[in-house]
Amino acid sequence: MADLEAPQSKTRDLDKLLLRAGNLVGPDFYPGTELRDDMRDYVRILVVGAGGLGCELLKDLALSGFRNLDVIDMDRIEVTNLNRQFLFRLEDVGKPKAEVAAKRVMERVSGVEIVPHFSRIEDKELEFYNDFNIIALGLDSIEARRYINGVACGFLEYDEDDTPRRETIKPMVDGGTEGFKGHARVIVPGVTPCFECTIWLFPPQVKFPLCTLAETPRNAAHCIEYAHLIKWPEVHGGKSFDPDVPEHMKWVYDEAIKRAELFGIPGVTYSLTQGVVKNIIPAIASTNAIISAACALETLKIVSGCSKTLANYLTYNGGEGLHTKVTEFVRDQDCLVCGPGILIELDTSITLQKFIDMLEEHPKLLLSKASVKHGKDSLYMQAPPVLEEMHRPNLSKPLYDLMGRVQKDTVHVFGTALKNEEKQSSLTKLRVVFKGADGVTDMDTAIGA
Amino acid sequence: MSEPKTKYDRQLRIWGEVGQAALEEASICLLNCGPTGSEALKNLVLGGVGSITIVDGSKVEIGDLGNNFMVDEKSVGESKAKTVCAFLQELNDSVKAKFIEESPDALILSNPCFFSNFTLVIATQLVGDSVVKLDRICREANVKLVFARSYGLAGFVRVSVKEHTIVDSKPDHFLDDLRLNNPWPELKSFVETIDLNVSDPVAHKHIPYVVILVKMADEWTQSHSGNLPSTREEKKEFKDFVKSKMISMDEDNYKEAIEAAFKVFAPRGISSEIQQISNDTCAEPTSTSSDFWVMVAALKEFVSNEGDGEAPLEGSIPDMTSSTEHYINLQKIYLAKAEADFLVMEERVRNILKNIGRDPSSISKPTIKSFCKNARKLKVCRYRMVEEEFNNPSVTEIQKCLADEDYSGAMGFYILLRAVDRFAANYNKFPGQFDGGMDEDISRLKTTALSLLTDLGCNGSVLPDDLINEMCRFGASELHVVAAFLGGIASQEAIKLVTKQFIPMLGTYIFNGIDHKSQLLTL
């Protein structure tokens, strides 16, 4: 009994999920045009990465009822992207990925607004990330994931009884691919494990022992890494190796060939040289499409509640037959990033300088050159010099005063931490509690009640 | 021209030039270019497939703007096939793209010969009867077929090919071919030239573990009446035996030997799967045998004669702590034996070709070499026809899955996906397709599903009501994200089938987008 005169809905298929009640749905699902229209008009989603996963995510989200998207990526388009990053053409090589991706999707899906950000994720203010309802990650490195995870989990606040406060929860969906393999996961800070809680899932990167490279090379990769890591610094001193400069890559290749000939080792090719030096991950369109679709589907479900969600980690392997598996990982209660925060008890007299020094000694942190932030206020910044100078007077003041004389609150500290013998940028949450704080008993009872 | 090569660099590292060439020679036919089909084809076009032909008789509707990236407002009212074809052509101009404005259902009935033109057909969103008919046509014409269907938060992908043989199967984990417990003469002699008890500590810790384990395995079998360690205690004893030769704690080669000791316990000879392939009826070569089966026949002969129970040696060794000299020498020995085995195999292949009346040089050296290298990893995939599966599925499998917490969602959807087609045949619409009469549709779908279960022989099995309700709620919708997921899977299967590398799915993949407990069902 279809009324041929009535205008067809653009979201004809989505309507079935958003406008109709269901049985296997999320806890706060209110089907109807209001839900659909609110999603379209008010929900903001950030897509991190505009590469293999990012391009697919933007398309998938634009066609899942979302109209307000932002995308951030610091890279420019390269020829080797074109076999899968379908929003880019040969003429686009050299242009910023985020900008071209945004433009192309907006051209095809009318009504969608995509704001591109051609920048590093670390260069954005923390508050930038807080503007979004949900963050979708299409990244290719563990470090970048850890960073965003730290930021999103940084917004999380806990109640007195250590329950996460709903309005501070910033969900993320994260995808990753390599060849025919991939994963998609849902991270709800405070509820599901965050990236840091399950960091053990990622095996350490393969590194060749130095003595193998220097003394007993056996295969082509050893010869290449010798040229890259040992011979280059020897010959070029301070000049750092840039894999994107063809002359540098050719130099490494020629040296690798020489070494291989010396030891009678076959197999050094230019392609292998690039692969080893740049740590190239093979990639195809299909796996990226599959994983992004899974991530976008979860995003749709989390935001709308129109169905139950993935709990919480999906692995995919399409090379040997087809295998998908769902694993429900559990949170690490003591997680430094998504947990209530490492408890630091201080005297009200401790200065900011002393606090920063303590962070370096603290066994769970070992954080050097720390910058300190309390909510929106930067208490101290190590860099740039202009801001460092501006905040320097704070160092001699009591932290208790700088934090507005509250008995306890969260601070975020950002610096260099020593993890697995490697120095890494680290953003961590601390729960600071002041002992013997006076005039605080009123607040205490207020909270207790 | 270096540009095309660089564009495909990231995928060449997966399937190589040989795989890429196979892709570029392939002609793919797509039936129905809604989002499921379009997204599948997009991935293939990006990968450089030779040609695509889109068959779809519908016009672009306003509702399509909400789920299909390849249509836009300007194209409303135009042929969907034409619109999608134009978009895909723009994605990669080295692909030859064509379209035919006709309903696939009609084409299946009126012109079955049409499908013989293609390497592979991707059939999306086909309903009931057409599926069975197309399957018959493609089976007859020996054209590979991949089905895909998106239905709300459910769907499926299924491959249908009579026989798909794979040499370069590239399994994820496969034991290397070291023959530690069955060394051939040249390996034995080489190992004998190395003294484990060398006094120089540097030399001591640069003896490769292959040498260590061959020696230790030999010593063990000599003192155990020719037997390898088999019980748990014996295996532990063997490892301790190896450990006892360490002179200091930092000997990486010995640590590697202990970790690799399990390779000594592995059974000698060919696996049961290869055994099965060798004993297949197709392994009796005739004039119509494919190259694959001719080579399997040669393999069978080789294993019973020169191989002495083993397949041709694979020839490569993994990296291991070693002096460069020992490692290179070891490598040469393995390569030499692999080459020798290859020459024997080549001779046998040529003889068999002669005997069946074919030109003895019609199978190239590289082909035979690749076969030898992959002889232990061969795979033969055979798929039941859809009709057979529909009429005679494994009842035990259905019942088992419906009763299992992790499988019941997927199995429920499998039954319901068939039930909705029956429903459509009876009532001329899908359950929940229109907004009115939902309750009636739910009860009718339930009845249809139960009667289907009975027809299949699964009396007494029930489907959860929640799932039936959700199926009606879906109302035969084609959501973009589900289409992109299933289209992605379909395209990946197509790539594996066309390149003849990696292993295609063996079964029907049922997508469960509610909790992602999708499953591969073999019925």
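Strands here are DSSP runs of E with at least two residues, numbered from the N terminus, and two of them pair if DSSP finds at least two bridges between them. With that in hand, welcome to a tour of this predicted model.

View 1. Strand 10 of chain A covers residues 367-374 and strand 11 of chain A covers residues 377-380; the two pair in the antiparallel sense over 3 bridges.

**View 2. An open, mixed sheet in chain B is built from 8 strands.** Reading across the sheet of chain B, the strand order is 3-2-1-4-5-6-9-10, and the pairing is mixed. At the edges stand strand 3 (96-100) and strand 10 (519-521) of chain B; each has a single partner strand, so one side of each is left without a neighbour in the sheet. On average, neighbouring strands of this sheet are turned by 15 degrees against each other, direction ignored.

**View 3. Strand 9 and strand 10 of chain B pair at one end of the strand order.** Strand 9 of chain B (residues 508-512) meets strand 10 of chain B in the antiparallel sense, over 3 bridges. A handy pair to pick out is B:Tyr509 with its bridge partner in strand 10 of chain B, B:Leu520.

**View 4. Helix 4 of chain B lies across two strands.** Here helix 4 (residues 80-91) of chain B lies across strand 2 (51-55) and strand 3 of chain B. Its direction is at about 175 degrees to that of strand 3 of chain B.

**View 5. Chain A meets chain B.** In this interface, 80 residues of chain A are in contact with 85 residues of chain B. The area buried between the chains is about 6900 Å², and carbon and sulfur atoms give 58% of it. The rule finds 10 salt bridges across the interface. A:Lys181 forms a salt bridge with B:Asp172, with the closest N and O atoms 3.5 Å apart. Between chain A and chain B, 44 residue pairs are in polar contact.

**View 6. The side of chain A that touches chain B draws on several elements.** Among the elements giving two or more residues are helix 1 (12-18), helix 3 (52-62), strand 7 (313-317) and strand 8 (323-327) of chain A. The largest share, 11 residues, comes from helix 11 of chain A. By residue class, this side of chain A divides into 37 nonpolar, 25 polar and 18 charged.

Notes:
Residues are numbered from 1 along each chain as its sequence is written. Chains are lettered from A and ligands numbered from 1 in the order in which they are written. This is a predicted model: local features need pLDDT of at least 70, side-chain atom pairs count only at pLDDT 80 or more; totals for chains, interfaces and linings use all residues. Side-chain values use heavy atoms; hydrogens and water are left out. Helices (H or I, at least four residues) and strands (E, at least two) are DSSP runs, numbered from the N terminus. Axes are lines fitted to C-alpha atoms, for helices over the stretch in contact, and angles run from 0 to 180 degrees between N-to-C directions. Contact means heavy atoms within 4.5 Å. Buried area is the accessible area (1.4 Å probe) that two parts lose on being put together, summed over both. A salt bridge is a side-chain nitrogen of Lys or Arg within 4 Å of a carboxyl oxygen of Asp or Glu. A polar contact is a pair of N or O atoms within 3.5 Å; within protein, one must be able to donate a hydrogen and the other to accept it, and residues adjacent in sequence count only if both atoms are side-chain atoms. Ala, Val, Leu, Ile, Met, Phe, Trp, Tyr, Cys and Pro count as nonpolar, Asp, Glu, Lys and Arg as charged, and the others, Gly among them, as polar.
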